[in-house]
Amino acid sequence: MAKLSTITQDKTRRILVYGPPKSGKTQLVGTLAAEKKLVWFDLENGWETLLKLSKQAQEGVELIRLPDSKVYPIAIETMLKIIDGSKKEICEEHGKVGCMFCKKEGKPFITVELNSLDESYVVVIDSLTQLANSAMNHITKTQDETYKYQFDDYRVQGSLMDKFLSQVQQAKFNVVCITHETESKLEDGSMKLVPVAGTTTFSRNTAKYFDHVVYCEVKNRSHRFGSST
């Protein structure tokens, strides 16, 4: 056991940024490149927003693109493998850890070791919305187009997202996760906007994995960002 007075506070942070589409989430997080080096995992092909950054800031962004789709749900597989912080190699073409096809063909890989990053780095996941979709598509990939999601599908999706976010919560490096918003009914019957991370029930509790939560919106034709924490 250790006395609370002897424990040094962790200087790294885990931050969640959420809001409706086109509310400036990606651009807001991108401004961190003025002060930090960013390792940016792009799950939904939204990287072009980062081109608004200055050339100098763009030099500080390492972009790792995961070509996730309904027929190729690679994001959940890759992110679950790299979020533990250990050294991994991701192929540039498929976004797959240890891709045997690309190794055989001699195609390029990106080496990632998140636990080796110091406080000058921020790991960005864009977005949790796509990661949750990837998890569901991975679970149901053998089903046909007419298949309707079952309770067990949602349960497994929640388990995969909890596994990922639990490791984010304990990460020893800075993490920012971007996601969209959804309405969730609270126990008192009122409705509240919550960050998307799967089902509305799971999404309602997503904030617990993070130190800070930032909400983005467009109001009176201007982008506004705020955090109650």
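The legends below describe close-up views of a predicted model.

Local features are given where pLDDT is at least 70, and side-chain atom pairs count only at pLDDT 80 or more, whereas totals for chains, interfaces and linings use all residues. Residues are numbered from 1 along each chain as its sequence is written, and side-chain values use heavy atoms, with hydrogens and water left out.

**View 1. Glutamate 77 and lysine 96 form a salt bridge.**
The N to O distance in this pair is 2.7 Å; a salt bridge is a side-chain nitrogen of Lys or Arg within 4 Å of a carboxyl oxygen of Asp or Glu. Glutamate 77 belongs to helix H3 (residues 74–82), and lysine 96 to the loop between strand E4 (88–91) and helix H4 (100–105), so that distant parts of the chain, 19 residues apart, are linked. Helices (H or I, at least four residues) and strands (E, at least two) are DSSP runs, numbered from the N terminus. Glutamate 77 is partly exposed, at 23% relative accessible area, and lysine 96 is likewise partly exposed, at 27%. Here buried means under 20% relative accessible area, exposed over 50%, and partly exposed in between (1.4 Å probe, protein chains only). A network of salt bridges links Glu77, Lys81 and Lys96.

**View 2. Further salt bridges join aspartate 84 to lysine 88 and aspartate 152 to arginine 155.**
The whole structure holds six salt bridges. Between aspartate 84 and lysine 88 the N to O distance is 3.5 Å. Aspartate 84 is partly exposed, with 36% relative accessibility, while lysine 88, at 18%, is buried. In the other pair, the closest N and O atoms are 3.5 Å apart. Both aspartate 152 and arginine 155 lie in helix H6 (residues 151–169), three residues apart, about one turn of the helix. An α-helix has 3.6 residues a turn, so residues three or four places apart point the same way.

**View 3. Helix H3 is mostly covered.**
Seven of the nine residues of H3 are buried, namely Ile74, Ala75, Ile76, Thr78, Met79, Leu80 and Ile82. These buried residues pack against strand E2 (37–42), E4, strand E6 (121–126), helix H5 (128–139) and H6.

**View 4. The largest nonpolar core has 40 residues.**
A nonpolar core is a set of buried Ala, Val, Leu, Ile, Met, Phe, Trp, Tyr and Cys residues joined through side-chain atoms within 4.5 Å. Phe41, Met79, Leu114, Leu128, Leu131 and Phe164 have the most contacts inside this core. H3 gives the most to the core, with six residues. Leaving aside neighbours within four places in sequence, phenylalanine 164 is in contact (heavy atoms within 4.5 Å) with Met79, Leu80, Ile83, Ile125, Leu128 and Leu131. Another core, of 15 residues, lies apart from the largest one and includes Leu38, Trp40, Leu50 and Val214.

**View 5. The largest pocket has a volume of about 420 Å³.**
On a 1 Å grid over the protein atoms alone, a pocket is an open set of points where a 1.4 Å probe fits, with protein on both sides within 12 Å along at least five of seven lines; lining residues have an atom within 4 Å of a point. Grid points are joined across faces, edges and corners, and the volume is the space filled by probe spheres set on the points. Of the 18 lining residues, Pro21, Lys22, Ser23, Thr26 and Thr49 are the closest to the centre of the pocket. Helix H1 (residues 25–30) gives the most to the lining, with three residues.
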